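Work through these exercises with the model open beside you. Try each task before reading its solution.

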Amino acid sequence: MQRTAGMRAGGGTAPVTPRAAFQWGPLLPLAPALFVVLTLFVYPFIYGLQLSLSPLPALAKGGLLANYAAFFGDPRERLSIWNTLRLAVPVTLLDLCVALPLAYRLRRPLPGQRVITGLLVIPMTLGTVLLAEGMIEFFGPAGWVNKTLLAFHLVKFPVQFVHNYTGVFLSLTISDFPAVFLVLLGYASGLDPRLEQAARTLGAGWWQRLRRVTLPLLAPGIAAAAALSFVATFSVFPSAVLVGEPAGSTRVIALAAWQAAYEQFDYPRASAIAMVMAAIELVFVTLVLVARNRAYRGPTIGGRG
Amino acid sequence: MSAETRVEPPGPPGGSLAARRHTIGRVEIRGLSKHFGDVAALTAFDLDVHGGEFVSLLGPSGCGKSTALNLLAGLLEPDAGQILLDGQDLGPVPPERRGFGVVFQSYALFPHLTVGRNVAFGLEMMGTPPADVARRVRQTLALVHLEETIDRYPAQLSGGQQQRVALARALVIEPRLLLMDEPLSNLDAKLRLEMRLEIRRLHQTLGLTTIYVTHDQEEALSLSDRIGLMKDGMLRQVGTPEEVYLRPQSAFVANFFGYRNLFRVRVESVRGTRAEVATSGGLRLTGTVRDGVAAGAEAVAAVRPEDVEARPAGSGPGIPAKVEFAEFIGDAFECSMVADAGDPFVVRTPSRFERGASVLLNADPERLLVFPPE
Amino acid sequence: MSRAWWVYAIVGLFALLVAGIFLSAFLNSIASTWFGGWLPDGYTAKWYQFALAEFDLAYVLGVTIFVGLTVTLISLALGVPASYVLARRAFPGRAALLMLLVLPMLVPPITYGIPLAAMLYKLRLGGKLAGVIVANIVPAMPFVVLIMTPFFEQIDANLENAARTLGASPLRMFGRVLLPIVLPGVLAAGLLILVRAIALFELTFLVSGAKSQTLVVALYYTAFAAGIRPSQAIDAMAVVYMVTGLILLLTALRFINPVNMVIRVRR
C-alpha cells in the first residue's frame with residue numbers, strides 16, 4: 001500500500017502541518033485611517049441615506065421615498081439636475097479635448113517645460129472667490145474683455161459673460177483644467193515610445209498611430225480624468241452662486257440641497273437630494289469605466305514580460 | 001519611383017512564404033553619419049549587403065550599431081550619407097513606407113492587442129484583405145510555433161514567446177529587409193541558444209536580407225554570412241565569420257574574438273611576415289605581423305589562450321612562468337599565469353597545474369599576431 | 001521646435017486669461033476708485049487695511065493656516081502608514097480597501113457633509129475649530145493615500161530587506177532607511193494637500209461657525225453680501241488668499257515633477 005504524506009486522511013503516517021495563520025499584525029497601521037473613513041465618511045453617508053428615507057411629517061404620508069418623490073415631482077427641483085448636467089458634461093469634454101493634446105505633446109521635453117506646466121497648474125491656487133470676483137471685473141461690462149471687443153468693433157454692445165450660464169461655464173473650465181491636465185500628463189508620460197516607433201515601421205501613418213495605438217493606450221488616463229472632472233464639476237456650488245444665476249439657469253443640484261437644508265430646514269429632503277447627486281455621479285463613473293474597458297485591456301508599459 | 005509610393009516587395013500577390021534568394025533586398029550604405037550634440041554616434045559608415053545575406057553588426061555598447069539600425073529603419077535622420085535599397089534612395093522615404101521588418105530589443109508588442117492582432121497590424125496598414133490577413137497571420141505564427149497563442153495578450157506570454165511574436169510581426173509583411181536590434185539579449189542562456197537556432201532556420205527558409213545587431217560574438221559567428229565589427233561609431237572590419245575570427249585585422253577585433261592575451265610591445269625586427277617584439281617586461285616574442293608595423297615601432301601583440309602551450313619546468317625551451325590559479329572549464333583548464341618577467345598570461349591547457357607551479361610557455365609564431373597600436 | 005507652436009499658443013492664451021482675471025481683481029484691490037476706464041483712477045493700499053480691520057483678516061488668515069496645517073499633519077499621520085501597508089502587502093480585499101479609502105474624494109462633499117455636520121453639532125464640535133479640522137480630514141486623507149501609495153510602490157522593496165539582514169529592527173529601518181527617502185515626497189505631497197485643504201469649501205461651509213471660518217468661507221460670505229461691502233475690499237482679501245496658495249504651490253513644484261504625482265494603476 002502506498003504511503004501518502006500530507007493531509008490525506010487515513011493514509012500516511014507523516015504528520016499534518018497546520019497552515020500558518022494569516023498575519024494580521026503588519027496591517028495594523030491601516031487601522032487608524034480605516035477608522036477615520038468608517039466613522040467620518042461611511043457612517044455619515046449611511047446616516048444621510050437613512051435620513052433621506054425618513055421624510056419630515058409634512059411629507060410623511062408619501063412613505064419612505066417621499067423625499068425622492070418630492071424632488072422628482074417638483075419641476076423646478078428636477079430642472080436642477082439638467083442645469084448641472086448642462087454645465088458638467090460640456091466642461092468635462094472641453095477640458096479633456098484641450099488637455100489631451102497638450103499632455104501628449106508635453107510628455108517629451110519642450111523648451112520652457114516647467115514654466116508651461118507651472119502656468120497650467122496655477123489656477124489651482126486661485127480659489128473660487130478670487131476667480132469669481134476677478135471674472136466679474138475682467139468679463140464685466142466695463143472689464144478688459146468687453147473693452148477690447150468694443151475697441152476692435154467686434155461687438156456693438158458689451159457682451160454679458162457673467163451672472164449667467166457662461167460665467168459658470170468659464171469659471172469651471174478654468175478651475176477644472178489643472179487636475180485634468182495633470183492626470184493626463186501622468187498617463188501620457190508612461191507611454192512607451194517604442195510602441196509608436198514599432199507602429200511606424202509597420203506602416204502606420206500619424207492618424208492610424210493615434211487611432212490604433214496611442215488613444216487605446218491612453219484610455220485609462222482619459223477615463224480617470226473624465227471621472228475626476230465630472231465629479232468635481234457636477235458638485236459645483238459657490239461659482240454657480242457668485243458668477244451664475246442661482247435663481248435661474250444655474251440653479252445647480254448642490255444649491256437645491258443646500259436650500260433644502262438651510263433655508264427650509266428639511267434635512268431629510270436635503271439628504272435625499274445629496275443621494276441623488278451621488279447616484280448620478282456613480283452612474284457616470286460606471287459608464288466611463290465600461291467605455292474604457294472596451295477600448296483597452298492591459299498595462300501601458302510595452303509588451304515585455 | 002516617387003517618394004510617395006510604398007516600397008512594395010515584388011512577388012505573387014497575397015504572398016506565400018516561399019524562399020526568394022538573392023533576387024531583391026540589396027542594401028548599399030554610403031558614408032552614413034550621425035551625431036548627437038557633440039558625440040559622434042556613427043561616422044562614415046559604408047556597407048554593401050547582398051540580397052538574402054545575413055549581416056551582423058557586432059560591437060560593445062556605445063559603438064553605434066543601434067544607431068546604424070535606427071537610421072536604416074528611418075527612425076533617425078542621418079546627418080550625412082545615403083542608403084540605397086535595390087538602387088532606390090531611401091532618404092526621402094519615411095519609416096512607415098520603407099516596408100522593413102523591425103524587431104526591437106524590448107519587442108514593443110502592442111499590449112492592448114492580442115497576439116493575432118499584433119501580427120496582423122502591418123498587414124492591416126497595407127490594406128490587405130481580411131481573409132488574406134487571417135491566413136498569413138496563421139501561417140507566420142505556425143512558422144514560429146505559436147499558433148495556439150493567437151488570442152492571448154502579450155502580457156500573458158513568456159519572454160521567449162514574446163520575442164517570437166515580435167519576429168512573426170516583422171516577418172508576416174514579407175519585408176525586403178529584416179532589421180533586428182539585439183533581440184535575444186533579454187533571454188536566459190538556454191532560451192537564447194534555442195532562439196538562435198530558430199532565427200537561423202527561419203533565415204534559411206525565407207532567405208530575407210537581414211541586418212542583425214548584437215554584442216554577443218557567439219551569436220554573430222553562428223548566425224551571420226558576414227560580420228561587421230564596430231567601435232566608437234566606426235566599422236573596423238567586415239568579413240565572414242572565419243575571416244574575422246582567424247584573421248582579425250586589429251587588436252580590437254582580435255580581443256573581441258578571444259585573443260585575451262594582449263601586450264604592448266616594441267618591434268625589434270621585421271623579416272617578411274615575421275617580427276621579433278619585446279614586452280615591457282623584457283620578454284621576447286616571435287609573431288606574425290599585419291601591415292603597418294615596422295621595426296622600432298610601438299605595437300600590440302595578441303595571442304589566444306588556447307594557442308599558448310604550457311609544459312612543466314625543465315622540459316625544454318620556453319618562457320618561464322608561475323601558475324597563479326587554474327579554473328576548470330569542462331574540457332580544459334584555464335590558467336592565470338605570470339611570466340617571471342612580469343607579464344600576465346591566460347593559458348588554456350588540458351593538464352592540471354598546481355598553484356605556484358613553475359611552467360614553460362610557448363606560442364606558435366603563426367598564431368601570435370602583431371598589430372599597430374589602437 | 002517650431003512645430004510645437006500650438007502648445008505655446010494655447011498655453012499663452014490660457015495664461016493670458018488667468019492673468020487677466022487675476023490682474024483685474026488685484027488692480028481693483030489697490031485702486032482708490034475705478035470708474036470703468038482701462039486702469040484704476042488712483043492707487044491706494046487702504047483696502048487691505050480695511051479688510052484687515054473689517055473682516056478681521058489677520059484672524060481669519062490665522063485660522064486658515066492653523067486649520068490647514070493641522071489637517072495636513074493629521075492626514076499625513078493617518079495616511080502615510082496606511083499607504084505603506086497598501087503598497088507593500090498583498091492581502092485579501094486590498095483593492096476594495098484602497099477603493100474605500102479613496103472614495104471620499106470621488107463623492108460630492110454634500111452627500112456626507114450635511115449628515116457629518118449634523119453629527120459634529122451633536123458632538124458639540126459644530127461651529128468650532130475642532131469641528132472644522134475633523135470635517136476636513138475626510139477628503140484630505142484619501143488624497144494622501146492616493147499620492148503616497150504609488151510613491152511607496154516605486155521604492156525598491158529590497159532596500160528594506162537589505163536593512164533587515166544587516167540587523168535593523170522594523171522601526172529603525174523605517175527611521176533610517178525609508179524615512180529619508182520618502183521625506184521629500186511626503187513634504188511635497190504635504191504642501192499640495194495643504195493647498196487643497198485651504199481651498200476646500202463645502203465642508204468648512206457646513207461646519208464652521210463665526211469664529212472658525214477659513215478664508216474661503218469668509219470670502220464667500222463677504223462676496224455674497226457684496227452689496228454692502230466694497231468690492232475692492234473683497235478683492236483685497238481674495239488676493240491675500242491666492243498669494244498664500246500660490247506660494248505654497250510654487251514651493252511644492254520646485255521639489256516635485258507634476259508628472260510623478262499621479263497615480264497609475266499597477267497590475
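The exercises below go from chain contacts to sheets, a helix and the core of this predicted model.

**Exercise 1. Describe a helix crossing**

Task: Describe how H1(A) crosses helix H3 (residues 57-88) of chain C, and say which residues meet there.

Solution: 
- Step 1. Take the axes. They come within 7 Å and cross at roughly 120°.
- Step 2. Assign the hand. The crossing of H1(A) and H3(C) is left-handed.
- Step 3. List the residues. From H1(A) come Leu30(A), Pro32(A), Ala33(A) and Val36(A); from H3(C) come Leu78(C), Gly79(C), Ala82(C) and Val85(C).
- Step 4. Sort them by class. The contact has 7 nonpolar, 1 polar and no charged residues.

**Exercise 2. Trace the sheets of chain B**

Task: Give the strand order of the open sheet with 5 strands in chain B, and explain why S15 and S18 each have one side without a neighbour in the sheet.

Solution: 
- Step 1. Chain B has 8 helices and 20 strands. Its C-alpha trace spans about 80 × 45 × 35 Å along the principal axes.
- Step 2. Write the order. It is S15-S19-S16-S17-S18, with antiparallel pairing.
- Step 3. Find the edges. Strand S15 (308-312) and S18 of chain B each have a single partner strand, so one side of each is left without a neighbour in the sheet. The twist averages 45° from one strand to the next.
- Step 4. Inspect S17 and S18. In chain B, 6 bridges join strand S17 (residues 333-339) to strand S18 (residues 344-349). One bridge pairs Glu334(B) with Arg348(B) in S18(B). The hairpin has 4 residues between the strands, and Gly342(B) takes a positive phi near 110°.
- Step 5. Inspect S16 and S19. In chain B, strand S16 (residues 319-328) pairs with strand S19 (residues 358-363) over 4 bridges, in the antiparallel sense. Pro320(B) has Leu360(B) in S19(B) as its bridge partner.
- Step 6. Repeat for the open sheet of 4 strands in chain B. The order is S2-S1-S4-S5, again antiparallel. Strand S2 (39-49) and strand S5 (88-89) are its edges. Strand S4 (residues 80-85) and S5(B) are joined by 2 bridges. Leu84(B) stands opposite Asp89(B) in S5(B).

**Exercise 3. Judge a helix: enclosed or open?**

Task: Decide how many residues of helix H2 (residues 115-126) of chain B are buried, and what they pack against.

Solution: 
- Step 1. Count. Of its 12 residues, 9 are buried, so H2(B) is largely enclosed by the rest of the structure.
- Step 2. Name some. The buried residues include Val119(B), Phe121(B), Leu123(B) and Met125(B).
- Step 3. Find the neighbours. The buried residues of H2(B) pack against H10 of chain A, and against helix H3 (130-143) and helix H4 (159-171) of chain B.
- Step 4. Check the end. Gly127(B) follows H2(B) and has a positive phi, near 85°.

**Exercise 4. Locate the core**

Task: Which residues have the most contacts inside the largest nonpolar core?

Solution: 
- Step 1. Take the core. It has 283 residues.
- Step 2. Pick out the residues with the most contacts. They are Leu184(A), Ala257(A), Ile273(A), Ala301(B), Val144(C) and Met237(C).
- Step 3. Follow one of them. Leaving aside residues up to four places away in sequence, Ala301(B) touches Phe263(B), Val265(B), Val277(B), Leu285(B), Gly287(B), Leu368(B) and Val370(B).
- Step 4. Widen the view. Buried residues make up 44% of the 374 residues in chain B.

Terms used: Residues numbered from 1 in each chain as written. Chains lettered and ligands numbered in written order. Predicted model: local features only at pLDDT ≥ 70, side-chain atom pairs only at ≥ 80, totals over all residues. Pairing = 2+ DSSP bridges. Axes fitted to C-alpha atoms, helices over the stretch in contact; angles between N-to-C directions. Core = buried A, V, L, I, M, F, W, Y, C linked by C-beta atoms within 7 Å. Buried ≥ 20, exposed ≤ 12 C-beta atoms within 10 Å, placed from the backbone. Contact = placed C-beta atoms within 7 Å. Left-handed = near helix turned anticlockwise from the far one by under 90°. Nonpolar A, V, L, I, M, F, W, Y, C, P; charged D, E, K, R; others polar.
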